[in-house]
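User: I'd like to learn how to read a structure like this one, feature by feature. Could you walk me through it?

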Amino acid sequence: MRHLAEGVDRFQREVFPAKAGLFAHLSTTHQPHTLFIGCSDARVVPELITQTDPGELFVIRTAGNLVPAYTPGGDGIAASIEYAVTVLGVADIVVCGHSACGAMTALAEGHDLTGAPAVAGWLRNADASRARTTAAAGEDRVSALVRENVAAQLVNLATHPSVARALAEGSVRLHGWRFDIADGTVERLDAAAHPALAA
Ligand code: ZN
């Protein structure tokens, strides 16, 4: 915790003054251009990867960057998606998976999750992606599942009425990414192979 407190001190002393103008502007304006949906994994930091400033990304992070398909009634994720698309009017939505994803590895390798029932239940959202990648083996299987999972979340996103409407109007574009922790590269999923993606 001391590490965090020292970070806050340094932010207020060095970082905030350098961006005082930006924060003054942001104090009355919230107009992010992109909804970024990533994994909760501590190693995947959206603003760092994309080198964006505060105010640019509206971020949702979940275990395994999973976005359940729309169901009436809604939840926190559905509400955040709707707010970003309908109220804030983001122009782009990125779903970003990553290498060495604990959630995707647990699924691909069939880890015993009886001690983490909430995780086990949440990962059921990736059942179809897992089923589509059973033919791959070893490390390839995790990578294949990460990519397939990103593509599946883009399809799920389109079931949310706010996203469906924006897609029909051509006011939002979907993008699928895979971030590699070891070398820092961002792979963009091929639009030809995944019709949900923006070309
Ligand atoms: Zn992950």
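This is a predicted model: local features need pLDDT of at least 70, side-chain atom pairs count only at pLDDT 80 or more; totals for chains, interfaces and linings use all residues.

User: Where does Arg-43 sit, and which residues is Arg-43 in contact with beyond its sequence neighbours?

Analyst: Arg-43 belongs to the loop that links β1 (34-39) to α3 (46-50). Setting aside neighbours within four places in sequence, Arg-43 is in contact with His-98, Ala-100, Phe-179 and Ile-181. As for Val-155, 112 residues separate it from Arg-43 in sequence, and the C-alpha to C-alpha distance is 25 Å.

User: Are His-98 and Cys-101 buried or exposed?

Analyst: Compare the relative accessibility with the 20% limit for buried residues. His-98 is at 0%, so His-98 counts as buried. Cys-101 is at 0% too, so Cys-101 is buried as well.

User: What about backbone angles? Which phi value does Ala-100 have, and where is Ala-100 found?

Analyst: The thing to look for is a positive phi in a residue other than glycine. Ala-100 has phi near 55 degrees, a positive value, and is not a glycine. Ala-100 is found in the loop between β3 (92-98) and α5 (102-108). With a relative accessibility of 40%, Ala-100 counts as partly exposed. Gln-51 is another case, with phi near 50 degrees. Gln-51 is in the loop between α3 and β2 (57-62), and its relative accessible area of 64% makes Gln-51 exposed.

User: Next, helix packing. How do α4 and α9 cross?

Analyst: Check the approach of the axes, the angle and the handedness, in that order. The axes of α4 (residues 76-87) and α9 (residues 161-169) come within 8 Å and cross at roughly 30 degrees. Angles under 35 degrees count as roughly parallel, so α4 and α9 are roughly parallel to each other. Their crossing is left-handed.

User: Which residues of α4 and α9 meet?

Analyst: From α4 come Ile-81, Glu-82, Val-85 and Thr-86, and they meet Ser-162, Val-163, Arg-165 and Ala-166 of α9. Sorted by class, this contact has four nonpolar, two polar and two charged residues.

User: Let's stay in α4. Is Ala-84 buried or exposed, and what does Ala-84 touch?

Analyst: Pair the accessibility with the list of contacts. Ala-84 lies in helix α4 and, at 0% relative accessibility, counts as buried. Not counting residues up to four places away in sequence, Ala-84 touches Leu-35, Phe-58, Gly-89 and Val-90. Ala-84 and Ala-182 are 98 residues apart in sequence, with 31 Å between their C-alpha atoms.

User: How would I read a helix residue such as Ala-103, and which residues does Ala-103 touch?

Analyst: Ala-103 lies in helix α5, and its relative accessible area of 13% makes Ala-103 buried. Leaving out residues up to four places away in sequence, Ala-103 touches Ala-63, Gly-64 and Leu-123. Between the C-alpha atoms of Ala-103 and Val-146 there are 9.3 Å, for 43 residues in sequence.

User: And for a strand residue, what does Val-59 touch?

Analyst: Val-59 is found in strand β2 and is partly exposed at a relative accessible area of 30%. Beyond residues up to four places away in sequence, Val-59 touches Phe-36, Pro-46 and Glu-47. The C-alpha atoms of Val-59 and Leu-35 are separated by 5.9 Å, although these residues are 24 apart along the chain.

Notes: Residues are numbered from 1 along each chain as its sequence is written. Side-chain values use heavy atoms; hydrogens and water are left out. Buried means under 20% relative accessible area, exposed over 50%, partly exposed in between (1.4 Å probe, protein chains only). Axes are lines fitted to C-alpha atoms, for helices over the stretch in contact, and angles run from 0 to 180 degrees between N-to-C directions. Helices (H or I, at least four residues) and strands (E, at least two) are DSSP runs, numbered from the N terminus. Angles under 35 degrees count as roughly parallel, over 145 as roughly antiparallel, 65 to 115 as roughly perpendicular and the rest as oblique. A crossing is left-handed if the near helix is turned anticlockwise from the far one by less than a right angle, and right-handed if clockwise. Contact means heavy atoms within 4.5 Å. Ala, Val, Leu, Ile, Met, Phe, Trp, Tyr, Cys and Pro count as nonpolar, Asp, Glu, Lys and Arg as charged, and the others, Gly among them, as polar.
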